[in-house]
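Open the model in your viewer and keep the selection panel at hand. This tour has a few stops, each starting with something to select.

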Amino acid sequence: MSINLLQRHVLEDHISGFETDPNPNHLAVVRRPVIFSVLAHAGHEAAVAEALKAASDLAPRFCGPSEWLAVSQTVGAETIGGLLSNIPGASFADQSDGKVLMTISGPSVRKILAKCVAVDLHSDVFAEGDSANMLCCHVAANVARTGADTFEIIVPRSFAGSVFDELMEMGREHALTRGFSD
Amino acid sequence: MTSYRLAAGGAVNRGQLLNFTFDGRTFRGFEGDTLASALLANDQMLMARSFKYHRPRGVVTAGSAEPSALLTVGNGARREPNARATVVELYNGLVAASQNRWPSLKHDFGTINNLLSPFLGAGFYYKTFMWPAPFWERLYEPLIRRAAGLGKVAMQADPDRYEKSWAHCDLLVIGAGPAGLMAALAAGRAGARVILADEGFRLGGSLLGESASVGGMPAADFAGTVIEELAALPNVTLMPRTTVFGWYDDMVFGAVERVQKHVASPSPDLAVERLWRIVAKRAILASGAEERPLVFGGNDKPGVMTAAAARTYLNRYGVAVGSRVAVFTNGGSGYRTAADLVARGVDVTAIIDARPQSADPMPEGVRVVRNGSVVATKGRHRIDGLIAERSGFEEVIACDALAMSGGWSPVVHLMCQRGAKPVWSDEKQAFLAPDIGKAFLAAGSAAGFDRISDCLKDGANKASALLRDLGFAAYEADIPDVEGEYDPSFAPLWYVPGAKDKAFVDFQNDVHVGDLGLAQREGFRHIEHTKRYTTAGMATDQGKLGNVNAAGIVAGMRGVSPAEIGTTTFRPFYTPVSFGALAGTVRAEHAAPVRTSPLHNWARKNGAAFVESGLWYRSAWFSREGEKSWRESVDREVLNVRANVGLCDVSTLGKIEIFGRGAAELLDRVYSNSFLKLPVGKARYGLMLREDGIVFDDGTTSRLSENHYVMTTTTAYAAEVLAHLEFSAQTFWPELDVRFVSSTDQWAQMSLAGPKSRTVMSRIVQDDISDDAFPFLAAREVVLRGGLQARLFRISFSGELAYELAVPAGYGEAVADAIMEAGRDEGICAYGVEALNVLRLEKGHVTHSELEGRTTADDVGLGRMMAMQKPDFIGKRLSMRFGLTAADRLQLVGLKAVEADKEIKAGAHLLKDQAKPSLANDQGFVSSACFSPSLGHHIALAMLKSGRERFGERILVWDGLRGSEVMAEVCSPVFVDPDNLKLHL
Amino acid sequence: MASLITCPHCGTRPKEEFSIRGAAAPKRPSATAKDEDWHRYVYVRDNPKGRYQEYWHHVAGCRRFLVVDRDNLTHEVFGVTDASDFERARTAG
C-alpha cells in the first residue's frame with residue numbers, strides 16, 4: 001500500500017468557518033514554513049553565525065548562545081538541510097513540523113503584544129531583524145521583528161492552539177483578524 | 001430637595017445630563033461628576049452608615065482616600081461593594097445603593113451599636129467573645145459578621161473581561177497634578193519615553209479644583225494646555241483612570257487601569273480593567289498631599305469634610321457643600337476655602353481658627369474665631385450647627401456643612417512599600433518620603449512642597465535631573481507664573497480637647513481617640529500593636545486619612561515626638577484592586593495553556609476519551625459501541641494487544657536531540673548504566689539517578705549516527721530531564737562538546753504493539769524489518785511507503801513485539817490512519833494510556849508510581865543497571881551509602897488477590913497476615929494496581945520490606961482510608977511472559 | 001508583581017522566564033572525594049540573608065544556566081554570569 005501523505009496543520013480546526021478580509025491588524029498563520037534548529041559546536045560559534053547570516057533563502061532567529069532557528073518561507077526542507085550540512089561545526093534538526101509560525105502585523109501590533117510578552121518591543125530596543133526567545137502568552141516562543149509593525153512568533157506545535165487563542169483574545173479590542181497566509 | 005449645584009462654574013459638562021439612582025431614587029448629575037459630587041448637588045449628604053457604630057456618614061474627601069462614603073455600585077453580577085463615591089465616575093444609568101444598614105439608610109436598626117458604644121471599645125471582641133470556645137464559630141462570628149461590615153459581593157461569576165499588559169518607559173510619572181504635569185512635560189519635550197498615570201478620570205490633579213491662576217489662565221485650563229501638548233507627543237503615553245498601586249523589585253510598578261468602569265454596559269471586546277506592569281528606568285512620585293482631618297467631637301457627621309474637599313466640590317464640580325458653611329482650621333487652607341466659597345456667593349458663617357493669630361487674609365464679611373475650637377456638632381443626617389469653644393465659653397454656630405483643615409500629609413505610600421520608612425519632619429510637621437536612591441524621586445507636594453509654584457518647579461527639576469542621569473540633554477522647562485496663591489502652612493494640632501462626642505481618628509473603622517488611649521493603657525503601645533488592637537488604619541482605606549493623626553495623638557499621649565512613634569508598614573496595594581484585574585485572562589479555558597498531541601484528531605475520530613496529564617491531553621481509552629464502562633474498553637484493548645495488535649499515541653514522551661563528540665561521554669555520566677559503546681542504529685534503556693542516589697527518570701536513548709543521539713523521557717519528566725542534561729553539561733562539564741535541543745513537538749510517535757505488529761508495520765515501512773534486519777532494540781531512520789522519512793524503534797513497554805514509529809507531526813494523523821487501515825484484517829485497535837498502564841503492570845515495568853523519589857535502582861529490581869565500574873556518574877557516590885543498600889529496604893514485588901474478584905487499590909498498606917491493621921505494623925504499600933484481563937484477576941505492583949525474599953507469602957492489603965482488607969499473595973512483579981519470549985518474535 | 005533579571009544573552013526578563021535551582025557556590029566534588037565532601041555538596045546549604053549566588057535557568061529564553069549574584073533581601077542584583085563561564089573561572093582560579 002502507499003500512504004496518502006496528507007499534511008494537516010495543527011491550527012486547521014482553529015481557523016475554520018467564514019473568513020473575512022483581513023483588517024489592518026491581522027494574524028497570519030504560515031502554512032508550511034521550513035524551520036530548523038541549528039546548533040554551533042565549540043570553536044565554531046562565530047563561523048556558524050556568519051554562515052547563517054550570509055545564507056540566502058533563510059532567516060536566522062536567535063535562540064541563545066550558538067543556537068538559532070533557521071526559517072525559510074521560500075525554499076524546501078531539503079534545500080535548507082543541504083545548506084546547513086555544508087556549514088562546518090553546525091548540527092541541525094528539522095523542526096518544521098514541531099513549530100508553528102504566525103505573523104502578526106498592523107498599527108496596534110505592539111499594544112496587542114504588550115499583553116503577550118514582557119519584553120520591550122519598542123523599535124529603539126527591539127529593532128527590525130532582532131529576534132529572541134521569550135515567554136509569549138505563557139509559552140516559550142521565539143519572537144522576531146520583521147517589519148516596523150510586523151512580528152513573527154514561533155511556538156511549539158503542541159501549544160500553538162493555546163497561543164493562537166490567546167493572541168486572538170488579546171487582539172479583540174483591535175479587531176484582529178486571522179487566517180492562513182496562503 | 002435643595003439643589004446645591006451652583007448656576008455656573010466647574011469642569012462638569014452641563015450640556016450632558018446623566019440619570020442615576022441611589023437607594024432606588026432617581027437623581028441627575030452631569031458628565032464630569034463623581035457619584036459623590038452628584039449626590040451632594042442633589043442634597044444627599046447622608047451616604048453611608050459606619051462600620052461598627054452604624055453612625056450616619058457623608059463624604060470626608062473628594063478623592064481616593066475616602067473612608068466614609070462607601071457605596072455599592074452596579075447590580076446583578078456586576079454589583080461592586082465598597083466603591084468610594086468620591087472616585088466613582090458618574091454615568092447614565094448608574095445604580096448605587098447604601099450598605100451596612102437595615103431597614104434603610106435613614107432608619108438603621110444597627111444604630112443601637114452607637115448607644116451600646118461604651119461597651120464596644122477597642123478590644124471588645126477579644127475580651128467578650130472568648131468563651132465558651134465552640135461559641136466562637138457557631139454564634140459569635142456569624143453575629144459579628146452580620147452586625148459589622150461593609151457591602152456584599154455578587155455571588156454570580158464576573159461577566160466581564162480583564163487583562164494584563166506590560167509597559168516600558170524611561171520615566172514614569174505618578175500623578176498628573178502640578179508637579180506631575182511639569183515633570184512629564186520636561187521629559188516629554190526632552191524626547192524621553194514617558195508614561196503619565198493618574199488615578200482620576202481627568203488629568204490635572206489638584207489644579208482642577210484650584211482657584212488660583214497659572215500661566216495667566218485658570219489652573220484647570222493650564223492643566224488642559226499641558227495635557228494637550230503631552231497628548232501630541234508620540235513619546236508620551238497618558239494614562240488617566242490608572243492607579244499606580246505598587247512599587248516592586250527592579251523598578252517595576254503595578255497599576256490598574258479602569259477601562260470601562262464608567263459605562264453602564266461594557267463592550268465585550270474591551271477589558272473592564274487592565275492590570276499594568278510598568279517597567280520604568282526612572283520614576284517620579286507626584287501623588288500630592290492629603291489634607292488631615294481635625295480630631296474633635298462629632299467630626300464624623302455628614303457635612304463635616306476636609307477644606308480641600310469642600311473647595312474641590314465647589315471649584316471642580318460647581319457644587320456648594322452647604323448653604324451655610326463653617327470652617328475649622330489650623331492653617332491657610334481653611335481661609336482659602338472660605339474665600340472661594342464667599343467668592344461663589346456661598347454663606348460662610350464662621351472660621352474657627354485653632355491658632356491665636358495668623359497672617360492669612362480674612363475673607364470680607366466672615367467672622368473669625370481665633371484660638372477657638374469645635375467640641376461637638378449638632379444634627380443627625382446632616383449637621384445643622386456646631387458648638388464652638390473659646391476661653392471656656394461655648395457658643396452654638398449654625399451651619400449645614402463644616403470644612404476642616406488639620407494640615408497636610410504628603411502621599412508617600414509607594415516609596416515606602418519596599419521596606420523604607422517615612423521620615424518625620426519637624427519643620428513640615430509631617431512624615432516625608434524616605435531617601436530610596438536616585439531612580440525614584442518624590443516631587444511637588446508629595447515631597448513636602450506646599451505651594452503650586454514650588455510644585456511646578458520641583459516637578460520639572462526632578463524630571464530633568466533624572467533624565468540627565470539617563471543621558472538625555474538637559475532641558476530647561478519654563479515655569480509658568482502663579483497668581484492668587486495662598487499660604488498653606490499650618491500649626492500642628494493632633495487632637496482638639498474638650499470633645500462632647502466621640503472624636504474619630506479613623507472614620508472607616510470607627511476608631512476614636514478613646515480607643516487609642518485604651519490601647520496605650522493596656523500595653524499595646526507599639527504603633528503596629530495599637531493598629532491591630534484598635535483596627536486604626538485597617539480595611540479598604542488603610543488609614544490614608546487617620547494614620548498620621550493616630551501617630552500624632554499617640555505621641556501626645558506618650559509625650560514624645562511623632563518621629564518616635566513612626567508609622568505602620570506600607571504595603572501594596574495603594575487602593576483596593578479587584579481580584580478580576582489580578583487574575584486577568586487567566587480563568588476558565590485560559591487558565592493554563594493546553595498541549596495537544598499531533599494525533600489528537602486521530603484519537604478523537606477513533607472515539608478517545610481524553611485525560612489531562614500535566615498540560616497534555618492524552619487519549620485514555622477508546623470506547624466502542626455497546627461498551628458500558630471504561631473498564632470494558634480497557635480490557636478489550638489489552639486483550640487485543642496481547643492477541644493481535646494495537647496502536648497507541650506516545651507523542652507526549654519527551655524527545656531530546658543530542659549532538660556532539662562529547663555526547664557519548666555525557667550520556668555515560670548522566671545514566672547509571674553504560675552508554676559509551678552503544679552502537680549506531682541501536683536503542684538502549686537507561687536509568688538516570690539524582691545526585692543523592694535515588695532514581696530520577698528512565699527512558700531510552702538511541703544512537704542515530706556517530707555523534708547524534710535521540711533520548712526519550714517520560715511525559716511527566718520531559719522538561720526536567722532536558723534541564724538536567726543542560727545543567728550537567730553547562731555547569732559540571734562545560735568542556736564536553738555536546739548540544740541539546742528538544743524535538744518533542746516535531747514527532748508524532750506511535751507505539752504499534754502485539755504479535756501481529758510486524759505484519760502491519762511492514763505494510764507501512766519500505767525497509768526490511770524482519771527480525772534479522774531489524775532486531776529487538778534496533779533504532780533507525782526508515783522510509784515509509786509514500787516516501788516519508790521517519791524514525792523506527794523496536795522497543796516495547798507492553799512486553800509484546802512492538803515498534804515505535806516517529807513521523808513528522810503534520811503527517812501523524814495520515815500515518816496513524818494508514819496503520820489502522822493496514823491493520824484492519826489483523827484486528828488492530830487503538831489503545832489509550834489506561835490500557836498501556838495495564839500492559840506495563842502485567843509486564844512489571846515501572847513508571848513514576850514506582851520511581852517516586854524514594855526508590856533506588858535496586859529497590860525496583862534494576863540493580864543490574866548500576867554500572868559501578870564507571871569512574872563516575874551522577875548519583876553513583878551517594879547510591880553506595882549504607883541507608884540505600886540496606887537489606888530491609890522496600891523492594892518491588894507483584895501482588896495477586898487470593899480471591900479473584902477482590903480489588904487491590906493503589907495506596908493501600910501491606911501488613912503481615914494476622915497483623916493488627918495499624919501503621920505500626922506497616923510493611924510497605926501498593927504503588928499501582930489494576931484488573932488484569934490477561935490473568936482474570938486484580939494485580940498490583942507494590943513496595944514491600946525485603947520483598948524479593950518473600951514471593952509466595954500471603955499478606956494483608958489494608959486500605960484504611962477506604963476501609964477495605966484484601967488478602968494477596970506476594971509474587972514476581974512480572975506477571976506476563978517472564979522469559980521475554982514475546983519480545984523476540 | 002514582578003522581578004527582573006538581566007540575562008547576559010537575552011536582555012532584561014521577568015522572573016517568570018526562569019527556574020531557580022539553588023546555590024551556585026557548592027562545587028560537585030570529584031568521584032574520589034571524601035564522604036564528608038559529598039555529604040556537604042548534596043545536603044548542606046548556607047541560608048544567608050543577603051548576598052547569594054544562585055543558579056537561574058533561563059528556561060523560556062536561551063536555556064542557559066546563569067549564576068545570579070544578588071541580595072535575597074533587597075533583590076539588588078550585582079551581576080549575572082553564564083554558568084559555564086562561572087565554572088571555567090572557578091576551575092581556573
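Select H5(B) and H6(B): the two helices are roughly parallel to each other, because angles under 35 degrees count as such and theirs is about 30 degrees. This is a predicted model. In chain B, helix H5 covers residues 178-189 and helix H6 covers residues 219-232. Their axes lie 10 Å apart. Now look along the pair for handedness: H5(B) and H6(B) make a left-handed crossing.

Next, show the contact residues. On the H5(B) side, pick B:Leu181, B:Ala184, B:Leu185 and B:Gly188. They meet B:Ala223, B:Val226, B:Glu229 and B:Leu230 of H6(B). Colour this contact by residue class: 6 are nonpolar, 1 is polar and 1 is charged.

Move to chain A and display its strands. What is the order of the strands in the open sheet? Reading across, you pass S7-S8-S9-S6-S1-S10, 6 strands with mixed pairing. Stop at the two edges, strand S7 (131-136) and strand S10 (177-180) of chain A. Each has a single partner strand, so one side of each is left without a neighbour in the sheet. Within this sheet, neighbouring strands are turned by 25 degrees against each other on average, direction ignored.

Now zoom in on one pair. Select strand S1 (residues 26-29) and strand S6 (residues 99-105) of chain A. Their pairing is antiparallel, over 4 bridges. For the last stop, centre on A:Val29; its bridge partner in S6(A) is A:Met102.

Note on methods:
Residues numbered from 1 in each chain as written. Chains lettered and ligands numbered in written order. Predicted model: local features only at pLDDT ≥ 70, side-chain atom pairs only at ≥ 80, totals over all residues. Pairing = 2+ DSSP bridges. Axes fitted to C-alpha atoms, helices over the stretch in contact; angles between N-to-C directions. Left-handed = near helix turned anticlockwise from the far one by under 90°. Contact = placed C-beta atoms within 7 Å. Nonpolar A, V, L, I, M, F, W, Y, C, P; charged D, E, K, R; others polar.
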